[in-house]
Amino acid sequence: MVQSIVTSAMPNGMRRVFAELGVPLATVDVRFVNAQFYTRLRPLISPDRAATRLPPPLLLKLMTRLHPEFRRRNRLAGEVLAGEPWNQVIHDWHHGVKAGIEAANRELQSLDLSDLDDDAVVSHVHRCIEHCVTEWERHFWLHGYDMSPIGKYLYEARDWGIAPDQLLALLEGASPSTAEPVAALAIIRRAVERTGASPSSLTELRALSADIDRLVV
């Protein structure tokens with residue numbers, strides 16, 4: 001099921017964000033071979049023709065200057081670098097988008113399956129899968145708006161004489177979205193340790209105390 005979802009969601013999400021940000025690529029293809037995950041950048045021109053070597057520099061330069069989609073994306077990329085649209089995407093995420101996803105998740109999780117007949121259970125499963133496909137696609141679309149400013153940061157800092165890995169290390173813990181889950185899990189762990197119990201399921205975990213039940217969302 002996961003293979004089916006990511007094979008659809010990743011190319012669709014990346015195709016959308018590449019087009020929005022002016023990236024000179026079509027998308028990222030996904031395949032699973034013997035259960036192993038493989039990806040391939042899909043070029044704008046002749047994406048299914050096996051390339052044995054790079055085109056001559058002059059031809060490549062002409063192609064990027066004359067091909068309509070290359071020209072559109074080159075123009076758009078300049079607008080993106082100047083306008084920094086990721087700031088609006090981040091604002092929207094914290095002012096409604098994230099809350100809307102969480103509400104949809106809780107609505108799906110709140111349904112008591114024991115009250116449903118077989119057809120209703122199947123319908124609910126399809127709703128869950130469709131929700132996953134939609135939000136996984138959004139996940140990959142959002143990657144363009146978190147990776148773009150990081151890429152710009154690394155590019156503009158190239159003359160500082162600092163290695164890229166050191167520049168990236170400076171960002172560790174800077175994002176509340178990344179650091180918050182770790183802090184929340186630490187609080188839950190300490191609360192569980194105080195009970196002396198070793199729960200083996202979410203149900204057992206929630207039953208330990210009202211405070212723990214409130215913390216597990």
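This report walks through some local features of the structure above.

## Before you start

What you're looking at is a predicted model, where local features need pLDDT of at least 70, side-chain atom pairs count only at pLDDT 80 or more, and totals for chains, interfaces and linings use all residues. Residues are numbered from 1 along each chain as its sequence is written, and side-chain values use heavy atoms, with hydrogens and water left out.

## The hairpin

Let's begin with two strands, S1 (27–33) and S2 (36–42). Strands here are DSSP runs of E with at least two residues, helices are runs of H or I with at least four, and both are numbered from the N terminus. S1 and S2 pair in the antiparallel sense over seven bridges; for two strands to pair, DSSP has to find at least two bridges between them. Pick out Arg31 and you'll find its bridge partner, Tyr38, in S2.

The two strands make a hairpin with two residues between them. Asn34 sits in that turn, and its phi is positive, about 50°, although Asn34 is not a glycine. Asn34 counts as exposed because its relative accessibility is 71%; the cut-offs are under 20% relative accessible area for buried, over 50% for exposed and partly exposed in between, using a 1.4 Å probe and protein chains only.

Further along, in the loop between S2 and H2, comes Ser46. Ser46 also isn't a glycine, and its phi is positive, near 50°. With a relative accessible area of 35%, Ser46 is partly exposed.

## Aromatic pairs

How many aromatic pairs does the structure hold? There are two. Phe32 and Phe37 form a tilted one, 5.2 Å centre to centre with 40° between the planes. To pair, rings of Phe, Tyr and Trp (its six-membered ring) need centres within 6.5 Å; planes under 30 degrees apart count as stacked, over 60 as edge-to-face and the rest as tilted. Phe32 is partly exposed at 26% relative accessible area, and Phe37 is partly exposed at 43%.

Trp141 and Tyr145 form a tilted pair as well, 5.0 Å centre to centre and 55° between the planes. These two are separated by about one helical turn because they are four residues apart in helix H5 (residues 118–156). Are they buried or exposed? Trp141 is buried, and so is Tyr145.

## Charges over rings

## A leucine patch and one more arginine

Leu58, Leu62 and Leu66 form a nonpolar patch on the surface, with about 320 Å² of accessible area together. Areas come from the Shrake-Rupley method with a 1.4 Å probe, and for residues only the protein chains shown count as cover. Patch members have over 30% relative accessible area and no salt bridge; like charges are joined within 9 Å, and nonpolar side chains (Val, Leu, Ile, Met, Phe, Trp, Tyr) within 5 Å. A salt bridge is a side-chain nitrogen of Lys or Arg within 4 Å of a carboxyl oxygen of Asp or Glu. Leu66 lies in helix H2 (residues 57–66) and, at 60% relative accessibility, counts as exposed.

Last stop: Arg72, in helix H3 (residues 68–83). Arg72 is partly exposed, at 29% relative accessible area. Arg72 and Ala51 are 21 residues apart in sequence and 24 Å apart in space, C-alpha to C-alpha.
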